[in-house]
Amino acid sequence: MSNHYPIPIKELSQSLSSLPGVGKRTSERLTLALLDWESDDLRRLGEQISTLKEKVTHCDICGNLAEKELCEVCLNPKRNNDVICVVEYPQQIAAIDNCGRYNGLYHVLGGKIDPLSNIHAENLRINQLIDRIKENNIREIILSTSPDVEGEATAVYLANELKDQFQLNISRIALGIPVGSDLTYADSATMAMALDSRRPLL
Amino acid sequence: MGLFNEITAIHFRNFTKLNLTFSSGINVFVGENGQGKTNILELIYFISILRSFRSNNLKNLIQWQQNSFLLSGCVECLNSKMKLSVQLGETRSLYLNNTKINRASEFIGRIRCVPFVSEDIYLVYGSGSDRRKFLDITLSQLYPDYLSALQNYNKAVKSRNRLLKCEPVNFKAIGVFDSILATAGALITQYRYRFCNRLNEHLTDISPIMLAGNDRIKIKYEFSYDISEKVQTQEEFQRSYLNALKKNIDKDSQYKLTSVGPHRDDFLIFFNEKSLNNFGSEGECRITVIILKIASGRLSNETDNNNVIYIIDDVFGELDEKRRESFLTYLQDIKQVFITTTDNKILDCLPHSSVFNISNGKVVKCKE
């Protein structure tokens with residue numbers, strides 16, 4: 001940031017640059033762009049930011065982001081209430097929901113088992129999931145944790161926990177080649193994964 | 001996969017700016033000690049596998065008083081050309097044809113490089129970790145799935161060890177990492193085990209040529225846990241290893257470490273049925289290392305359809321004239337070889353090679 005800017009610009013720019021994907025130059029650009037906004041618009045933006053944490057909470061049932069006690073998904077009576085898709089973070093719900101193929105419920109764990117970062121099974125919302133299955137007539141669980149060592153460990157851990165206690169269909173999302181991409185440029189780890197999880201066609 | 005047509009280096013070791021073009025076949029670097037001959041081999045090795053054979057601290061590879069180095073290699077493989085670049089400063093950036101790539105596993109293995117360097121002696125004198133490093137580097141270059149399994153395995157070992165250190169120990173979570181270790185470990189073990197068996201076949205071929213009389217070299221893969229000799233398939237390795245993890249859990253939780261698995265396996269080297277490490281003479285150890293490397297180089301070359309390159313750092317001093325000639329015949333099948341030497345006389349044995357003179361970081365091509 002150039003030294004000749006007034007301190008308020010420097011301060012805002014500094015704050016913005018701590019956002020993900022925003023570097024020094026982008027934060028400077030954003031700050032200068034805001035300077036051109038109408039005062040009313042700026043006030044509204046400031047209010048949106050300052051009340052964000054009060055207005056957004058986590059769903060009591062599934063842990064998704066919500067405005068009130070329950071999230072949109074849990075409130076929707078049209079959704080299949082006998083299937084739960086387990087994800088690590090709320091933002092993954094949007095990714096899965098946008099595909100239009102899934103109409104069941106979700107459960108957010110709040111992370112994955114990662115002993116090296118001191119995140120253990122008891123730090124995740126696993127008991128809440130077990131309670132949900134106990135109290136509702138759940139038929140199927142889809143484990144959609146990330147395809148890395150920790151995500152895989154979390155999926156195996158959950159599968160072990162659940163299969164001992166309940167009669168359920170437990171599945172893991174398939175891992176492999178992204179749709180629409182060129183097979184030629186698939187990296188070898190993905191390719192090996194895709195071959196391992198191939199499916200019979202006929 | 002390919003061979004080097006050209007390399008460029010900026011601020012690497014004692015080279016401020018270096019640009020060299022190579023031919024296929026043998027390339028020789030001649031120069032006095034301390035002029036930078038080995039640095040060129042290190043550079044070639046680094047573009048191939050993003051490691052150094054001399055230093056674990058990669059910062060040491062940056063030229064004195066500089067912040068970063070940039071290496072590029074133009075590589076020819078299967079009639080097409082590509083450019084591999086790597087920049088290393090505070091962070092490392094990798095480029096394939098000037099496009100940034102994120103996974104090292106997609107970079108490593110474009111060039112398969114077998115080093116013959118003085119550090120190889122650690123194969124005999126070093127610890128198990130030095131021999132595992134040799135297996136891991138060789139196999140990672142040949143099989144991309146080996147590298148990704150190894151990365152997953154190492155992470156899972158660290159996670160499991162961390163879980164063992166937690167109070168109270170969560171055995172359920174450990175069991176989960178056991179299954180991940182078993183899957184990745186079985187793949188690693190099977191590749192290593194097969195590699196050692198095939199290496200022995202090559203050692204049987206090479207020993208009579210490179211050794212006197214009836215001397216023979218053999219190696220044996222040594223598991224860190226009890227395993228039946230009949231185990232062959234990946235499923236069997238997985239089951240045996242999982243059993244071993246379960247069997248040793250008391251010991252593991254006492255010592256707070258994972259005591260069994262590929263990260264503790266080793267291989268033993270035998271010279272005439274005797275353990276080389278304990279009974280070998282200095283000379284026997286040195287020639288054994290060279291023979292081991294020839295065998296592994298031939299094995300890599302055979303596995304990889306004659307696409308391996310060699311870098312050879314002044315090993316000729318260790319060989320008498322007869323063995324030197326035998327060694328040179330092993331180089332004939334190799335697509336591209338880089339050799340350093342202080343001794344001009346070596347050039348007489350290598351009539352069809354390109355020769356570079358190197359002095360104080362300056363390299364001059366003096367024969368095509």
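**Helix H9 and the sheet of chain B**

I looked up helix H9 (residues 282-303) of chain B in this predicted model and found that H9 lies across strands E9 and E10 of chain B, at about 120° to E10. Contact means heavy atoms within 4.5 Å; axes are lines fitted to C-alpha atoms, for helices over the stretch in contact, and angles run from 0 to 180 degrees between N-to-C directions. Helices (H or I, at least four residues) and strands (E, at least two) are DSSP runs numbered from the N terminus.

I then followed the sheet: it is open, has three strands in the order E9-E10-E11 of chain B, and pairs in the antiparallel sense. Two strands pair if DSSP finds at least two bridges between them. I noted E9 (217-222) and E11 (274-275) as the edge strands, each pairing on one side only. E10 (residues 266-271) and E11 of chain B pair over two bridges. B:Phe271 stands opposite B:Lys274 of E11.

**Cysteines**

I searched all chains for disulfides (cysteine sulfur atoms within 2.5 Å) and recorded zero. A:Cys59 is in no disulfide, and its nearest cysteine sulfur, in A:Cys74, is 3.8 Å away. I recorded A:Cys59 as buried at 3% relative accessible area; buried means under 20%, exposed over 50%, and partly exposed in between, with a 1.4 Å probe and protein chains only. For B:Cys285, the closest cysteine sulfur, in B:Cys196, is 18 Å away, too far for a bond. B:Cys285 is also buried, at 1% relative accessibility.

**Conventions**

Residues are numbered from 1 along each chain as its sequence is written, and chains are lettered from A and ligands numbered from 1 in the order in which they are written. Local features need pLDDT of at least 70, side-chain atom pairs count only at pLDDT 80 or more, and totals for chains, interfaces and linings use all residues, while side-chain values use heavy atoms, with hydrogens and water left out.
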